[in-house]
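Here are my notes on this one. Have a look at the model first, then read through the points.

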Amino acid sequence: MPRYAAIDIGSNSVRMMAAEVDRQGTFQVLAEDRQVTRLGESVFRTGSINQSSFDLLSTVLQRMVATYKPLAPLAVRAVATAAVRDASNGAEFLDLVSDVIGHPVELISGQEEARLIHLGVETRWPHPDERILIVDIGGGSAEIIEADQSILKVAFSRPLGAVRLHSTFLQNDPPSTSDLRRLQDFIDEKLSVVARRIPHGNFARAIGTSASASAIVCAANRIPRARRNEA
């Protein structure tokens, strides 16, 4: 059966998965890895990716390539998202990481992010007869998706990632009342178009994806980080 590998260079973390896929589309994960790099931290503060962020990412990517390369994948897809979209040196960064991986790294749009998120949810947990809401809070952006009977109806990518919001608004620990007010106003503004375009109610369920969602589940239920996947 053919094998494939994928790398997601996000604003908070980098993920790798290699899998074997049969003719029915069923897949078996052969290897996976995740490393927090907070690539977006320098971008959202200074507008560019700094050298230390690249050095860390380069080390992580070399490790991931060494993991999946012995599996001889038929194809590799590597993508970069919000932090690289916003970085003034994003094109240079893509060239550098493409050299590290040995494959072109593709800069994808927020809409393509949303399409892939929806596809991932429907692959793992299909909803052929229901209307669902999917929310993915990444490091640099948040994707909000309405799907009905497994079909993506409308999707938004908004600049509401956890690393972006923290870097931009939360300068104190604990945050000040004025910081929280500015943060709330920004979130409300960016979500206003979503609220107008996605009809309220009648969702069978809302599904949260990404590490941000699992971190909330762990915090609310006092589940240690080591058991995050179980949560």
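**Notes on the sheet and a helix pair**

1. Let's start with strand E2 (residues 13-21) and E3: they run antiparallel, with nine bridges joining them. Within that pairing, Val14 sits opposite Gln35 in E3. Strands count as paired if DSSP finds at least two bridges between them. The names come from DSSP runs numbered from the N terminus, with helices (H or I) of at least four residues and strands (E) of at least two.

2. A caution: this is a predicted model, where local features need pLDDT of at least 70, side-chain atom pairs count only at pLDDT 80 or more, and totals for chains, interfaces and linings use all residues. Residues are numbered from 1 along each chain as its sequence is written, and side-chain values use heavy atoms, leaving out hydrogens and water. The chain's mean pLDDT (the predictor's confidence in each residue, from 0 to 100) is 95, and 100% of its residues reach 70 or more.

3. Zooming out, E2 and E3 belong to an open sheet of five strands, ordered E3-E2-E1-E4-E5 with mixed pairing. Strand E3 (27-36) and strand E5 (105-107) are at the edges with a single partner strand each, so one side of each has no neighbour in the sheet.

4. Now the helices: helix H6 (residues 162-169) packs with helix H7 (residues 177-197) at about 135°, their axes 10 Å apart. Angles run from 0 to 180 degrees between N-to-C directions, and axes are lines fitted to C-alpha atoms, for helices over the stretch in contact (heavy atoms within 4.5 Å).
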